[in-house]
Amino acid sequence: MGLLTIGAFARAARLSPKALRLYDELGLLRPAAVDGESGYRFYDPAQLERARLIAWLRRLGMPLARIRQVCDLEPKAAAEQVADYWAQVMADTAVRERLATFLVDYLSGRGSAVEDAETMIGIRYAARSESGLVRTSNEDVAYAGARLLAVADGMRGPGGNLASVAAIDALKPLETKAVPAGDLLGALADAVGQADRAIQDITESAPSSEAVTTLTAMLWSGSQLALVHIGDTRAYLLRDGEIFQITHDHTYVQSLVDQGRLSEEEAVSHPQRSLLVRALTGMGGSQPDLSLHTAVAGDRYLLCSDGLSTVVAAEPLRGVLSGTGDPEQVIDELVRLAYDAGAPDNIACVVADVVTL
């Protein structure tokens with residue numbers, strides 16, 4: 001059988017020509033031949049199996065970046081990746097189920113997570129993004145304001161830089177928008193949806209660049225704060241001298257740890273520790289984690305990219321965060337620790353102290 005036109009191949013694979021063009025641009029499914037004059041794409045019938053696999057994985061909601069890796073694996077290894085992805089989906093569904101249960105209880109009067117009167121507290125804050133020692137570009141963005149804290153880490157390259165900036169920019173209007181404590185989660189979720197649509201626009205305008213970013217952000221109202229998180233940027237809380245990681249990494253390696261297939265010690269040096277299973281991609285398929293927290297005067301929060309968390313362990317972090325310096329001085333020390341460890345990646349940090357007004 002000879003080569004198929006893009007239309008015939010699309011019908012056989014039950015994909016649209018538009019999808020095939022996107023998969024070509026992303027390197028997922030290259031045509032077997034391209035006409036030099038017209039630019040028309042032709043496909044080999046032997047490529048139908050890969051095309052159908054891509055379509056099935058998209059129906060599962062798997063991000064394109066991970067689909068590309070699955071398609072390049074041997075069948076057994078690919079099957080393990082699909083199983084791992086679905087286990088993560090089920091875990092995420094359980095998290096959303098708990099959130100739904102909380103909302104049902106709250107709305108029906110059986111819960112009281114939101115205070116009736118705002119506690120008079122505020123935050124002192126600082127934010128910074130620094131280039132790593134071996135990086136020629138910096139796609140990390142850090143932002144801090146009186147009501148909004150955020151860190152985004154874009155995939156390396158111009159598309160990732162545009163994506164991380166777009167994600168933060170989509171959240172910035174919340175800084176001046178009057179959002180009651182009871183609507184923090186909804187407002188933050190809507191803003192993240194706008195961020196994902198902005199990233200989609202970037203992808204469509206420059207399809208050759210991968211516009212992908214992580215995002216971790218906090219929105220405040222009184223003593224209540226809403227936290228949104230997707231990817232491997234992190235949020236930590238220092239309270240009463242103890243440090244708590246209040247986000248959960250959306251990485252392949254973390255999913256192996258969750259399933260008991262890898263220890264925390266093994267995860268630190270795993271070669272795929274930076275492989276994301278969830279991020280903002282502009283495709284609308286990845287859902288971020290959303291949670292509501294109550295801040296207490298004396299709390300200190302750290303938001304950071306993996307350029308800090310992968311080279312500075314929890315105990316040194318706790319030591320720096322427990323210091324008496326202001327947020328700017330704390331960031332100075334955190335960046336110094338990252339540089340002392342070689343700073344192989346860019347570093348973005350936000351530090352905020354909760355204070356009584």
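## A buried charged pair

Let's start inside the protein: Asp249 is buried, and Arg234 is buried too. This is a predicted model, so everything below describes a computed picture. The side chains of Asp249 and Arg234 meet in a salt bridge, with 2.7 Å from N to O. Asp249 sits in the loop between β10 and α8 (252–258), while Arg234 belongs to strand β9, so this pair ties together parts that are 15 residues apart in sequence.

What lets such side chains team up? Side chains of opposite charge can pair when their charged atoms come close.

## Other salt bridges

How many salt bridges does a search of the whole structure find? The count is 16. One more to look at joins Arg278 and Asp289, whose closest N and O atoms are 3.2 Å apart. Arg278 lies in the loop between α9 (264–268) and β11 (289–294), and Asp289 in strand β11 itself, so the bridge connects parts that are 11 residues apart in sequence. Are these two buried or partly exposed? Arg278 has a relative accessible area of 7%, so it counts as buried. Asp289 has 21%, so it counts as partly exposed; the cut-off for buried is under 20%.

Then there's the pair Arg300 and Asp353, where the side chains meet in a salt bridge of 2.5 Å, N to O. Arg300 is part of strand β12 and Asp353 is part of strand β13, so here the parts tied together are 53 residues apart in sequence. Arg300 is buried at 7% relative accessibility, and Asp353 is buried as well, at 6%. Elsewhere, Asp24, Arg30 and Arg41 are linked in a network of salt bridges.

## A five-stranded sheet

Strands β9, β12 and β13 turn up again in an open sheet. Its five strands follow the order β4-β13-β12-β9-β10, and the pairing is antiparallel. Which strands stand at the edges? They are β4 (121–130) and β10, each with a single partner strand, so one side of each has no neighbour in the sheet. On average, neighbouring strands of this sheet are turned by 20 degrees against each other, direction ignored.

Now zoom in on β9 and β12. These two pair in the antiparallel sense over five bridges.

Helix α12 lies across β4, β12 and β13 (347–356), and α12 runs at about 30 degrees to β4.

Helix α11 (residues 314–321) has buried residues of its own: Leu317, Val320 and Leu321. Why do they line one face of the helix? Looking down the axis of α11, the buried residues fall within an arc of 95 degrees, so they line one face. And what do these residues pack against? Their partners are β9 (234–239), β10 (242–245), β12 (300–304), α10 (306–309) and α12 (327–340).

Most residues other than glycine have a negative phi. With that in mind, have a look at Arg14: this residue is not a glycine, yet its phi is positive, at about 60 degrees. Arg14 is found in the loop between α1 (6–13) and α2 (17–25). With a relative accessible area of 78%, Arg14 is exposed.

Ala343 is another non-glycine residue with a positive phi, this time near 40 degrees. You'll find Ala343 in the loop between α12 and β13. Is Ala343 buried or exposed? Its relative accessible area is 0%, so Ala343 is buried.

Finally, take Ala77, which has its place in helix α5 (residues 75–107). Ala77 has 28% relative accessibility, so it counts as partly exposed. How far apart are Ala77 and Asp340? In sequence they are 263 residues apart, and in space they are 37 Å apart, C-alpha to C-alpha.

Definitions and conventions: Residues numbered from 1 in each chain as written. Predicted model: local features only at pLDDT ≥ 70, side-chain atom pairs only at ≥ 80, totals over all residues. Heavy atoms only, no water. Buried < 20%, exposed > 50% of the residue type's maximum accessible area, 1.4 Å probe, protein only. Helix = DSSP H or I, 4+ residues; strand = E, 2+ residues; numbered from the N terminus. Arc of directions from axis to C-beta. Contact = heavy atoms within 4.5 Å. Pairing = 2+ DSSP bridges. Axes fitted to C-alpha atoms, helices over the stretch in contact; angles between N-to-C directions. Salt bridge = Lys/Arg side-chain N within 4 Å of Asp/Glu carboxyl O.
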